[in-house]
Amino acid sequence: MVNSIEEGVSYLRYNRFLKWFGVASTIGMLAILLGGALVTKTDSGMGCGRHWPGCNGQLIPDDITAEVLIEFSHRLVTGSVGIFIVILAIWSWRALGHVRETKFLAFMAVFFLILQALIGAAQVLWGQGDFILALHFGISLISFASVFLLTLLVFEVDQKFDTDKIRIDKTLRFHTIGVTIYSYFVIYTGALVRHTSSGLICSDWPLCRNNEFSLPNNMYEWIQMGHRLAAALIVVWIGFIAIKAIKHYSDQRVIYWGWITAFGLVLAQATTGMIVVLTKLNLYFALLHSLFITLLFGLLTYLVLLVSRSRQKK
């Protein structure tokens with residue numbers, strides 16, 4: 001009896017440490033994403049020159065400029081958080097290996113973290129085209145979503161929301177998966193705006209030039225207006241899904257509140273995107289813009305996970 005109690009206490013302590021480790025890893029991944037966005041938005045990508053993993057020929061740079069500080073700090077955070085994520089993946093694999101999604105998410109978190117680090121290193125050492133660099137944020141986003149979902153599994157969020165009783169009809173299944181895939185396209189176009197320096201090519205909003213209605217005149221205007229159109233469509237799409245969830249899923253709170261939250265996040269993302277243009281790329285609003293799309297993508301992937309687990313609603 002005593003041994004059983006001691007084992008139970010030991011398990012709870014072990015589980016509590018894993019939960020805090022998951023939270024720390026998720027926050028760390030968020031720091032990597034925002035740090036990468038900061039590097040891009042401040043043009044600090046070459047702060048350490050063509051050197052990696054060192055900086056300007058040194059392991060630790062002694063000539064600290066703003067660009068060096070931003071780029072080198074981003075590398076340090078990525079390396080440190082990378083160790084956390086590898087530990088989280090192994091720990092979750094051992095502790096939650098019986099949960100269906102654990103091993104897949106653990107692999108995805110580590111694989112895409114390494115992939116985004118390699119793409120970043122390749123850009124520093126050899127340089128890459130804008131269309132390839134635009135994938136960097138999206139790849140980091142997959143790693144973030146994997147870590148985020150692992151953390152939710154550790155906290156047993158599914159049990160708290162009774163997700164084993166969820167029933168989702170065929171239409172909502174289609175829209176959930178479809179809008180999540182589409183969100184990745186929206187994210188890519190947004191990253192392309194940053195990497196091609198198209199952010200100020202259209203100084204007005206919502207049109208490129210509000211005093212006239214015309215098609216874009218060059219590639220940069222096409223990229224900017226293409227992203228705005230893609231962003232407008234996802235706002236409408238998620239709004240439509242949220243209305244459907246409010247009408248038909250009020251008895252399933254994780255679906256009901258999940259889509260209401262998703263709509264709030266996509267509105268915040270669209271609003272900050274507008275403000276970024278009107279304030280001529282204000283850094284704080286630009287980082288908020290990246291934060292909201294990151295949180296939205298994480299939520300959408302969780303809703304996809306729920307779809308994969310749910311039974312079909314007649």
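User: Which helices each supply at least two residues of the lining of the largest cavity?

Analyst: α4 and α6 do. Helices here are DSSP runs (H or I, at least four residues), numbered from the N terminus. This is a predicted model, where local features need pLDDT of at least 70, side-chain atom pairs count only at pLDDT 80 or more, and totals for chains, interfaces and linings use all residues. Residues are numbered from 1 along each chain as its sequence is written, and side-chain values use heavy atoms, without hydrogens and water.

User: What is the volume of the largest cavity, and which residues line it?

Analyst: A cavity is a set of points on a 1 Å grid over the protein atoms alone where a 1.4 Å probe fits but cannot get out; lining residues have an atom within 4 Å of a point. The volume is about 30 Å³. The lining is Ala134, Leu135, Gly138, Tyr184, Ile187 and Tyr188. By class, 5 are nonpolar, 1 is polar and none is charged. Asp, Glu, Lys and Arg count as charged; Ala, Val, Leu, Ile, Met, Phe, Trp, Tyr, Cys and Pro as nonpolar; the others, Gly among them, as polar.

User: Which helix gives the most to the lining of the second largest pocket?

Analyst: A pocket is an open set with protein on both sides within 12 Å along at least five of seven lines. Here α9 gives the most, with 5 residues. The pocket holds about 410 Å³ of space. Its lining has 17 residues, and Phe104, Thr180, Phe297, Thr301 and Val304 lie nearest its centre. The lining divides into 12 nonpolar, 4 polar and 1 charged.

User: At what angle do α4 and α9 pack?

Analyst: Angles run from 0 to 180 degrees between N-to-C directions. Helix α4 (residues 130–154) meets helix α9 (residues 283–309) at about 55°, with axes 9 Å apart. That makes α4 oblique to α9. Angles under 35 degrees are roughly parallel, over 145 roughly antiparallel, 65 to 115 roughly perpendicular, and the rest oblique. In contact (heavy atoms within 4.5 Å), Phe137 and Leu141 are among the α4 residues, and Phe297 and Thr301 among those of α9. The contact has 14 nonpolar, 4 polar and 1 charged residues.

User: How far apart are the axes of α8 and α9?

Analyst: The axes of helix α8 (residues 253–278) and α9 are 8 Å apart, and the angle is about 155°. That makes α8 roughly antiparallel to α9. Their contact divides into 21 nonpolar, 6 polar and no charged residues.

Key
Grid points are joined across faces, edges and corners, and a volume is the space filled by probe spheres set on the points.
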